[in-house]
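Subject: Handing over a structure

Hi there,

I am passing a structure on to you, and I hope you enjoy looking through it. Here it is, followed by my notes on what turned up.

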Amino acid sequence: MTATTAPAVLADGGLSQGEADLSCSYAAVRTLRRLGRTPAEPAGIARFLRSRRNSDGGYTWQRGLPSDGWATYCCTRALRDLGEEIDEPARVAEWVSGTGTVEGGFAMSAGRPPDVWATWCATKTLVEVTGTAAPEPARHAGWLAALQGPDGGLAWQPGSNLSDARACYYGVRAWRAVTTAPLPWRTGPLVSWLCEQQTVEGGFRFAPGSAVCLWATFRAVLTLRVLGAQPPDPAGALAWIGDRRLPGGGYERWPGYGRSDIWACFSAVGALTALGYDLPAAEADAIAEAVARCRLAGSGYTYRSPEAAGDSLATAAGLLTSARSGTPAPGLVRWLQDAQPPAEDGVGYMPGQTAEVRCTQWAFEALRASGHRLDERRLRRWIARLQNPDGGFAHWLGRASDLGSTTAAVELADRLTGGRPTTILDGARAVAFVTLCRDGGLVDPASAGTAAASAAAQAARVLHLLGARPAAANLHAGLACYARATGGYAATALGLPDLATTYQVVRTDQCLGRDSDRACVARFLLRVELGDGHYAWSPRSPAVAGPLADCLGALLRAWLTDPAALLPPLNL
């Protein structure tokens, strides 16, 4: 067994990948700007933001991943707020414009379905950041109008009846970013629906049945202001927000949560401003100090203070590695179980964030491997809500479907139901979405047009688990062309082998009950093993890649040692 150097456990009991977070950096810079404050080391923040720029003009969440509309807006807007110039703004505008869709609205990347969040990102980037011509309102009016449901609220996509305060915010703000023309919705019912989300406590919820929270309160009160309306109880909203303030100047997202974070501070400042509250200098200073504590030296920001900002992927990877070696890790177990808070049925990247399907899958598998569980009743309910009208699944609630998220959701449903995933999801519609990806040449809509072995492997697993066995077998047969004589599997037909793709292929072999090329995998692992339990993503970059690579490498090594070992279903 390979010796492993255990990563350092943080003050919050979790593990971290040790990098700044893009969305947190955006939220921090925007919050400080609203407070009239300047971040320390702005050059380091700008350097971090620019490191996410891709050659196509867009920006990405992590180096090596495709460009994304939300990431592009976060980076470019934050750079503008720092007083920095945007590199090649015309290319940024060209990339963003290319995410427009024939049905109207924008997608998070070219080739994906449109959603209202992506439409807001695109319009704000084009109008506020690049200064290019605003999108033609008439082109998108019909699509935006179709977001309104019978209850008066707006949904994330046409065809969905799940109205949400965030969708209302993004829709109204997207329209107002490009025109002062009359809104394309029935304004009275929209205002009424938003007002109905204010609770007797004073705060707002995202939708009926969800928990009252600071994020929802910010989105709702600002949307009402743009609509020329007020909450039913403005004083109650102000008081409720004030009650969320914690010692040290930060804010909590939910009543009784007791922990401050970047996005709660962002939401509090935005909501107070929208309600016309003039923050006293002492309060503004305290919030700015709380935000400053979340900065990584020489880089951007994370969700909380770096010494207490564990993330679910790194923590799950550490727990999976501990379970494989038979080492108890009760602290990691508690951290992951606490990452499923009462108001979120899934697990977020960091506690208190919106639940993400890939993070939930990693947490689920790590806890199961160590003999523990999440609240699986809530997980079943959450998976069902994540399915979009097109049959696919979103990375998190509100985003458009992509193949990786659909794979994680279907695999989770399969594990939660003991092999009967269609008891909690619509299998026929999920198969239709994956078939659409397959018929497009196995181009994952989330991969910006890049045909990949991982996409083929994921599609094969989804089709197999949902009963489309012949189609799954045909896809699986094509994976052999991605094998390399030097070992491992490459993401593309002419690419170099990498650890993530190799794991996906072997996992697909197991799912479909096929034999794997063990010698091919063994040759590859010898080229990426770095000692002390560490692995590189690729032989081309022989550097320690972090806890996720260490976990996948260790699981593949254990499988080579024990042919009966089953790889857990994990997706990145």
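Before the notes on rings, one definition: the rings of Phe, Tyr and Trp (its six-membered ring) pair if their centres lie within 6.5 Å, and planes over 60 degrees apart count as edge-to-face. With that rule, the structure, which is a predicted model, holds 22 aromatic pairs.

Let me walk you through two of these pairs. Tyr-26 and Trp-70 form an edge-to-face pair, with 5.5 Å from centre to centre and 75 degrees between the planes. Tyr-26 belongs to helix H1 and Trp-70 to helix H3, so this pair ties together parts that are 44 residues apart in sequence.

Phe-218 sits in helix H9 (residues 214-226) and Phe-266 in helix H11 (residues 262-274), so the pair ties together parts 48 residues apart in sequence. Phe-218 is buried, at a relative accessible area of 1%, and Phe-266 is buried as well, at 2%.

Rings also meet charges here. Arg-219 lies over the face of Tyr-169, 4.6 Å from the ring centre. In another place, the charged end of Arg-518 sits over the ring of Trp-559, at 4.4 Å from its centre.

Finally, a word on the backbone. Most residues other than glycine have a negative phi. Which way does phi go at Glu-41? The value for Glu-41 is positive, near 50 degrees, in a residue other than glycine. You will find Glu-41 in the loop between helix H1 (22-34) and helix H2 (42-50). With 39% relative accessibility, Glu-41 counts as partly exposed.

Glu-88 is also worth a look: its phi is positive, about 45 degrees, although Glu-88 is not a glycine. Where is Glu-88 found? This residue is in the loop between helix H3 (69-81) and helix H4 (89-97). Its relative accessibility is 43%, so Glu-88 counts as partly exposed.

Happy browsing, and do write back with any questions.

Best wishes

Key. Residues numbered from 1 in each chain as written. Predicted model: local features only at pLDDT ≥ 70, side-chain atom pairs only at ≥ 80, totals over all residues. Heavy atoms only, no water. Helix = DSSP H or I, 4+ residues; strand = E, 2+ residues; numbered from the N terminus. Buried < 20%, exposed > 50% of the residue type's maximum accessible area, 1.4 Å probe, protein only. Phe/Tyr/Trp six-rings, centres within 6.5 Å; stacked < 30°, edge-to-face > 60°. Lys NZ or Arg CZ within 6 Å of the ring centre and 35° of its normal.
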